[in-house]
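Subject: Structure for your review

Dear colleague,

Please find the structure below, together with its sequence. My notes on it follow.

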Amino acid sequence: MTLCLLGTVRWQTGGERASPLPVSLPAAILLVLARKGQWMSRSELASLFWPAVSDESALLNLRVNLHKARRLIEEFGIDPPIEGERRRVRWAPPTDLGTGADVKGPVAADFDLPEFEGFAAWLRDWRAEHAGPAMRAAASAASESDADGDAPGAGSSEGFFGRRVELARLRHSNAAAVIVTGEAGIGKSRLVAEAFPGAAWLRCRQGQRQASFAAVAELFASHDAWLRELGPYRLDIARLLPQVAPDEPLPPLDALTARVRLFEGLARTIERHASLLAVDDLQWADPATLEWLVMLAHRRRVRWIATARTEELPAHVLDAQRALEAAAAAGVVALDGLDRTALNSLLHARRPDLAGEKGFPQNHRWLDALWRYTGGNAFCAIEVMDALAPGDSPQRLAQLPLPQTVAGMLLRRRERLPPKARAVVDAAALAIGRPAAAQLAAMAGLSVAATAAALEAAQTQGVMRGTVCRHDLVREALRDAIAPARAAELHRRAALHLAQAGVEPEAVAYHWRQAGEAESAWPFVLGAAQRMKQRGEREAAVAALTEVRDEAREPALALRAEVMLAQERLFDDLAAGRQALEAALARAGCLPPGGARQEIEANALAGLVDNAVFSGDLARACSLAPALRQRLPGLARDVLIEAHQVLIEATMREGDFAAARASLEALRQAQTAPAVVLSFEAQIHWFGGEVRAARQVFEQLLARHPDYCQGLTIENDLAVMCHALGDLGVAEEMARRSLRSWAGTAHTEALSGLVLGATLTSMGRFDEALQALQRAQELGRQQGSALFVSESLSRQARLHWCAGDLAAARRDIVAARAEAGRPAEPLRASAMALTEALTSPGADAAQASAALASLEATAARSRHPLVQARCARAEAALAECRGERAAALAAARRLASVAGATGLAEWSCEALALIARYERGAAAQAARAEALSLAHRRGFGWLVAALEGEPTRLQRGVA
């Protein structure tokens, strides 16, 4: 089975008929991956197709289309499948492009997606790389450099850069006529001049459409030799060029006969003197000249190659082009902008002071900025480069006044549009991102249908591509031409429309600011800051909130920003955050009753609940929750979402899962970001004891929303699930990834250090585990979090017990208890009570019994499998301490049952080890062998050591 890339892209299975791949976006992604043949960064792949959108949107588009690509190869029965990891993807099917082979045909023929400029440029480079010998020879004649390309213009002294494939296509085409199309300044005339040096040029000129044969008369008049031997058509041609027979009377002929003889005389004359004619600016050809060119194409004695501005082709030229194509007498070569390689060489030749000795590196910010700004248009790139001063940075492009030559060229396209289309392109120039047609309609004051027609007209003129400007230069030229008052009104309409549509608050805030109405923008800046926090953009969020606090004239808005800033202290200083929130709550009480006061109080209470949860004071968090619930009705969406998130944090830890699920449903109804909803859904599964379901949802979350890993603790939480289920390798990887994602954020570094320490303890890597836990404890103390400090000490106690150091374990669990008091959260309470039971001195049976009683009480109110497993483990230890082997064995079997039913592999292994100790004979040997096998397979290093005879607490039991 082979993916055939020569000619039409198709899948060939043995001797069966080949199946062509559709020309589609998913198939294009497969082509890129097949050419790569190795792991490729998801970000790199996404930027090839969606360079102009945010990374988040590009990756989302990629995920959707990778899914479609997988379905496509399944439909074709293609093997191998696409392999995917969080940050990279690979597809390496067998192809017919051998390594280093001299390919003799076009690659991916007829596969073009011109709407994706980055892919189109990539495809041109690939085709050039694998062009056949004849095409390569033709291309190599154009330039000696690796990045040959388009020069800026026909008369320029610059070299020729890029266009290797297009150049070869022109030189080796057998069509009677070829039309090279593209926008003004793209390099059409320069390409034809390079392909056919010395060709005669018929130059059509703007404004001459009403003057029949004006361009033809100019062509013949410039070639005296052509006019010396006109034969029997001398007097006929004299009707067009009187200088041919200035003193001779012309024979009387009717108009039709005279026209036929003139066409024939001109054709025969040029056929005697030229085999190829170059035609410049076909869009300005008058009807008579066009008819004559069509006649030449059908006679097939003189080929002609014409350039034409796509956006200016009139109906009569388009009709002629279609007729010639239908008769197989003409072909079209469409030019896009220069790719980065060609632009690199062009700019280095033009401005070496900016490029450096070896040109711009392919990922250089300067080169990337220029390519995006100009769309690869050679003329525009040269004009912009000439306007730059030595030492300018890429940011200078956005501040640079457009050169008049460029602005004039672009604005003339706008002037050719009807009034409604001009209104729509003005709106598009001021919009951000990829606006919907409905937004442009609202801004322009038109119906959606009229807007669609206007967009089509603007696209025909080369001003728009879909609902966005063709490239940044077009946008800048249009923006500069819009009067300030008109621009402010368009921005105001955009803000009103987007606010009503409920789209991203960032866009609404931007348009209000541009309209000069900052006070209207501030509420949306607050919403944008909330979204930034979710994405992990904390610095940007804090900057936005600080601006609102300092600049907003409305006291309620400023106070709300202050509350949101205080909430951010959760990540570094819980005590300071609590003080600031309490102060803000008191100040909110001084505001007049109403919605603004309610929202601020709700925001402050939400922050205090969250603060209490992560300070380890669940009782206080639950005591604040009723006051927060009282303020839920009528809250603005973003405040409501924040409130329900912290209510879930408190109620699921308390064990009130009905309340937690009610808040989760409220998040869904508020259309909260899907990543946030999935995160809380998984956490509710976890605290409710559904460990496998929790892991599954977290894995879905990571696969669908990897870009949220710096705003949500996805990797950390998945590590917790994997550790509980005994998948230690994945748990360690996720914990370390979380530490990298959240580097510098004390709150989440502490969380990830805790799960990493627990995972390494299970592996028996005690020194590394102790280092991780001590770091988590240090971070907890920095934040003032009794939760993190007590958890790190509790896990250190477990570590020492597994390592066989009973005294150290007892010391740490006593310290943990002093920090935590009596936590209400079942998972925390059961972990501490078990370690107390296992480390109680033999002489103090009362202390161990008290710990067991605490565990049993916790197990009575929580069915979480970890709580039940810990209770059974403590029962076995106490029974063994009392010499009650049968009771100990029964408890060990209960532990095995709980762990086996819920997938808690480490607890299953420990249960088997206990059964081996309490059983006798063959049953004991079988249990030990099974436990040892499981410990080796899963990497439970401390259990391997215990089972193989090293002195650990498991062997010694309770002293």
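In helix α27, the buried residues are A556, L557, A558, L559, R560, A561, V563, M564, L565, A566 and Q567. Since that makes 11 of the 13 residues of α27, the helix is largely enclosed by the rest of the structure. The surroundings are helical: the buried residues of α27 pack against α25 (518-534), α26 (538-551), α28 (574-588), α29 (595-615) and α31 (637-654). Helix α27 itself covers residues 555-567 and reaches 19 Å from its first C-alpha to its last, close to the 18 Å expected at 1.5 Å a residue.

Please keep in mind throughout that this is a predicted model. The average pLDDT of the protein is 85, and 91% of the residues score at least 70. Over residues 132-158, however, the pLDDT is below 50, although the model gives this stretch 68 contacts beyond near neighbours in sequence. Residues 99-104 also stay under 50 in pLDDT, and the model has 11 contacts for them beyond four places in sequence. Where pLDDT is low, the predicted coordinates should not be read in detail.

On the nonpolar cores: the largest has 137 residues, and L628, W686 and W907 are the ones that touch the most other members. Leaving out residues up to four places away in sequence, W686 touches V691, A694, V720, M721, A724, L827, H864 and L866. Another core lies apart from the largest one; it has 50 residues, including A378, V425, L455 and V474.

L866, one of the contacts of W686, is worth a separate entry. Helix α43 (residues 865-881) contains L866. Is L866 buried or exposed? With a relative accessible area of 8%, L866 is buried, because the cut-off for that class is under 20%. Besides W686, L866 touches L827, L904 and W907, again not counting residues up to four places away in sequence. For a sense of distance, L866 and G502 are separated by 364 residues in sequence and by 43 Å in space, C-alpha to C-alpha.

Now the strands. Strand β7 (residues 177-182) is mostly covered, with 6 of its 6 residues buried. This holds for both faces: A177, I179 and T181 are buried on one side, and V178, V180 and G182 are buried on the other. Which strands pair with β7? One is β10 (residues 303-309), which pairs with β7 in the parallel sense over 6 bridges; there, A308 is the bridge partner of T181. Another is β11 (residues 330-334), also parallel to β7, over 5 bridges. In β11, V332 is the bridge partner of I179.

A separate item is an open sheet of 3 strands in the order β4-β6-β5, with antiparallel pairing. β4 (40-41) and β5 (83-84) stand at the edges with a single partner strand each, so one side of each has no neighbour in the sheet. β4 is joined to β6 (residues 88-90) by 2 bridges, and these two strands run antiparallel. The bridge partner of M40 in β6 is V89.

Regards

Methods:
Residues are numbered from 1 along each chain as its sequence is written. This is a predicted model: local features need pLDDT of at least 70, side-chain atom pairs count only at pLDDT 80 or more; totals for chains, interfaces and linings use all residues. Side-chain values use heavy atoms; hydrogens and water are left out. Helices (H or I, at least four residues) and strands (E, at least two) are DSSP runs, numbered from the N terminus. Buried means under 20% relative accessible area, exposed over 50%, partly exposed in between (1.4 Å probe, protein chains only). Contact means heavy atoms within 4.5 Å. Two strands pair if DSSP finds at least two bridges between them. pLDDT is the predictor's confidence in each residue, from 0 to 100. The expected span of a helix is 1.5 Å times one less than its number of residues. A nonpolar core is a set of buried Ala, Val, Leu, Ile, Met, Phe, Trp, Tyr and Cys residues joined through side-chain atoms within 4.5 Å.
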